[in-house]
Structures are given as C-alpha cells and as structure tokens.
Amino acid sequence: MEYLIVANITKTVGLKGEVKLYPFTHFRDSRFKKGSHLFLLNDEKEAIEELIVKSHRINKDFDIISFENKNKIEDVEYLIGKSLFVIKDNNFLKKGQYFYCDLEKCDVYFDNDTYIGKVKKIEEYSAYATLRVVREKHKDVLIPFVKSFILDVNLEEKKIIVKYIEGLL
C-alpha cells in the first residue's frame with residue numbers, strides 16, 4: 001500500500017488532546033474532516049497506527065485536530081514531531097490534478113523536444129505551484145505549473161512537456 005504525507009504534528013494544543021499540524025496538502029478540509037483515517041508509519045513505510053479524526057479547525061496557516069479515543073494531552077504527547085499519512089488514492093484527484101510526489105523526478109522538455117532537466121520538487125506560492133527543475137551545470141529553473149505553460153504530463157513515462165518560451169532558460 002502506498003501512502004502520502006499530509007502533515008507534521010508540531011505540538012499539543014490545550015489539555016483536551018488536540019494537536020497542531022503543519023499541513024502538506026491542498027485538500028485540508030477533506031483530509032482532516034471528522035471521521036478521516038490518518039496513519040503513522042514506521043521506517044519501512046508500513047502503517048503502525050491508525051488515527052481517526054474527531055475534530056478539525058483551522059487557525060491561520062495551521063490545522064488543529066483531535067483524534068477519537070485521545071481525550072487528554074497525555075494521550076497525544078508522543079505524536080509531537082511525527083508525520084501523518086493517508087492512503088494514496090488516485091481516484092481522489094480530478095482530471096488534470098496530480099499528486100506532487102508523482103511529478104517529482106519527471107523529465108521536463110520543451111515542446112520542441114529540448115531537454116530542460118528533472119523536477120526536483122514542487123514549490124507553493126500564493127498564486128500557483130511551481131516546478132523546480134534541476135539542470136546539469138546550470139542553475140535550477142522555476143516553471144509555473146499552470147495550463148498556459150504545461151502542455152502534457154505523462155506519469156507513465158515520467159515526462160512533462162512545457163511550452164517553449166524564449167528567455168526562460
């Protein structure tokens with residue numbers, strides 16, 4: 001089974017078993033809604049504990065959640081510093097949406113077949129996501145992950161085609 005990281009637990013909140021999360025997902029409302037199943041993984045990426053969300057609220061850039069059967073601070077202190085995961089489900093996405101982990105390590109080409117480099121990571125900015133593409137012997141290039149730039153994404157071939165824009169490199 002494959003898992004996706006959705007948050008890191010940063011600290012406890014209050015005395016009633018709530019924890020503060022730093023989220024890594026755009027789907028905060030659905031990932032952390034009441035009844036959602038979250039997982040702790042071991043070093044071998046196997047689930048070692050399943051946690052069911054009891055409550056969720058947003059406070060600025062952080063999410064605060066509580067779990068079923070964890071009603072006091074002592075029940076959640078061991079979670080500080082741990083990451084929360086969900087089961088990867090491609091049916092969760094709409095057409096044209098991608099999990100960022102699937103885009104990483106894709107080769108990036110201009111539409112004239114010129115190789116640009118390999119996606120190192122996806123960076124979030126307020127307006128849009130951006131591909132950080134690593135190039136051999138050159139500085140990284142940032143390419144906005146928006147329809148006007150991205151012409152094709154082929155996850156099977158691990159290949160992304162972007163519109164040629166003079167001066168981008």
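## Cysteines

The sulfur of Cys-101 lies 10 Å from the closest cysteine sulfur, that of Cys-106, which is too far for a bond. For Cys-106 the closest cysteine sulfur is in turn that of Cys-101. A disulfide is taken as a pair of cysteine sulfur atoms within 2.5 Å, and a search of the whole structure finds zero of them. Cys-101 counts as partly exposed at 37% relative accessibility, whereas Cys-106 is buried at 0%. Here buried means under 20% relative accessible area, exposed over 50%, and partly exposed in between, with a 1.4 Å probe and protein chains only.

The model is predicted: local features need pLDDT of at least 70, side-chain atom pairs count only at pLDDT 80 or more, and totals for chains, interfaces and linings use all residues. Residues are numbered from 1 along each chain as its sequence is written, and side-chain values use heavy atoms, with hydrogens and water left out.

## Nonpolar cores

A nonpolar core is a set of buried Ala, Val, Leu, Ile, Met, Phe, Trp, Tyr and Cys residues joined through side-chain atoms within 4.5 Å. The largest has 19 residues, of which Leu-21, Leu-38, Ile-65, Phe-67 and Leu-84 touch the most other members. At least two residues of this core come from each of β1 (3-13), β2 (18-23), β3 (37-41), β4 (47-59), β5 (62-67) and β6 (83-87). Strand β1 gives the largest share, four residues. Another core, of 17 residues, lies apart from it and includes Leu-103, Ile-116, Leu-131 and Val-133. In soluble globular proteins, nonpolar side chains tend to be buried together.

Strands (E, at least two residues) and helices (H or I, at least four) are DSSP runs, numbered from the N terminus. Contact means heavy atoms within 4.5 Å. Neighbours within four places in sequence aside, Leu-21 is in contact with residues including Ala-7, Ile-9, Phe-32, Asp-63, Ile-65 and Leu-84.

## Asp-63

Asp-63 is in strand β5 and is buried, with a relative accessible area of 0%. Its side chain makes a polar contact of 2.9 Å with the side chain of Arg-28. A polar contact is a pair of N or O atoms within 3.5 Å; within protein, one must be able to donate a hydrogen and the other to accept it, and residues adjacent in sequence count only if both atoms are side-chain atoms.

Apart from neighbours within four places in sequence, the contacts of Asp-63 include Val-19, Leu-21, Arg-28, Phe-32, His-56 and Ile-58.

## The loop between β9 and β10

Arg-135 sits in the loop between β9 (129-134) and β10 (141-144). Arg-135 is buried but has no salt bridge, and the nearest side chain of opposite charge, Asp-140, is 7.6 Å away. A salt bridge requires a side-chain nitrogen of Lys or Arg within 4 Å of a carboxyl oxygen of Asp or Glu. For charge, Lys and Arg count as positive and Asp and Glu as negative, while His and the chain ends are not counted. The side chains of Arg-135 and His-138 are joined by a polar contact of 3.5 Å. Residues up to four places away in sequence not counted, Arg-135 touches Ile-116, Asp-140, Val-141 and Leu-169.

Lys-139 is found in the loop between β9 and β10 and is exposed, with a relative accessible area of 74%.
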